[in-house]
Amino acid sequence: MTSHPVPLPTPLPGSAPTLRVLFSPDEYEAIDAGALAGVTCVVFDVLRATSTMLEALANGATGIRPAREIAEALALKVNHPGALLAGERDGLRIRADRTGGVDFDLGNSPREFTRERVAGREIIMTTTNGTRALEACRGAKAVHIASFGNLSALAGHLASRTGADASGPLWLVCAGTLENASFEDALGAGALVDRLVTRQDGMRAWSLDDSAQIAREVYRAHRHRLVEAAALARNGRRLLAQPELAGDVPVCLEEDRNPRVVRRDADGVLRPVA
Ligand code: MLT
């Protein structure tokens, strides 16, 4: 008989905070904003929105101002004229034909967000699912963004349980692809669960919902072949099939490429935690 490769959590005495994964837009859009008041949310859009946001902030962008819709992004630009407009629809940079005449400055490829383009600039960003998931978390007491690039830094921060993250449930919100769950976001959420529970006290510190167990098992099955695993994902296959976008996939899956904790401030802007 073979032994199970994953150490299983021991039953918890008392009440450790719940660690839960929401896999699809159906789940996160059904959340009542009031139910989030005591919850810390971590939003994953591995391919590519949260990876791209992390890249922009690593290259000196001062903050990311997320917008759910294109019209909302354009309205924010009126009040923040120095900001860059970024984002995608159908994976491609938003062009004048969708906005009534305004070409966005940047799309949603992390490789576009170079220091030359973004240092010292705020970025207004709207993407199909990434900023949609962020919007769904608006009622949470704390919101972070995550991708493979900042997993270890974020796990360290969340395990230390300081500030607004000091108590309460932790929900990992997978942005998904269109109306569906996405394999790459489940991998990313599972990787964060894995890092949290394999820390010295992790098994006792968190009460894993079945959803967190599922995500962790998926990650552990694929952790040594993440780029190959991306080909199992609908959005991964779409990106890999386009020569100009295929190079985004390994960038988005590079572990600890941008090791910083990013949280939503009171003004709704995503900024690195000092
Ligand atoms: C999204 O927000 O839906 C994604 O980031 C799509 C993409 O790969 O551009």
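**The ligand and its surroundings**

Guide: The ligand sits in the largest pocket, where a pocket is an open set of points on a 1 Å grid over the protein atoms alone, with protein on both sides within 12 Å along at least five of seven lines, and "sits" asks that more than half of the ligand's atoms lie within 2 Å of the pocket's grid points. This is a predicted model, in which local features need pLDDT of at least 70 and side-chain atom pairs count only at pLDDT 80 or more, while totals for chains, interfaces and linings use all residues. Residues are numbered from 1 along each chain as its sequence is written, and side-chain values use heavy atoms, with hydrogens and water left out.

Around the ligand there are 13 residues, the closest being Asp-45, Arg-48, Asn-108, Thr-127 and Gly-130; a residue is counted if one of its heavy atoms lies within 4 Å. Oxygen atoms of the ligand make polar contacts (pairs of N or O atoms within 3.5 Å): a backbone N or O atom of Asn-129 is 2.8 Å from one, a backbone N or O atom of Leu-47 is 3.4 Å from one, and a side-chain N or O atom of Arg-238 is also 3.4 Å from one. Of the 270 Å² of accessible area that the ligand has on its own, the protein covers 95%, as computed by the Shrake-Rupley method with a 1.4 Å probe.

Domain 1 (18-47 + 130-264) and domain 2 (53-126) both give residues to this shell, so the ligand lies between them; the bounds come from an automatic or database domain assignment. The C-alpha centres of the two domains lie 22 Å apart.

Key:
Polar contact = N/O pair within 3.5 Å; in protein donor to acceptor, adjacent residues only side chain to side chain. 1 Å grid on protein atoms, 1.4 Å probe; cavity = no way out; pocket = protein on both sides within 12 Å on 5 of 7 lines; lining within 4 Å.
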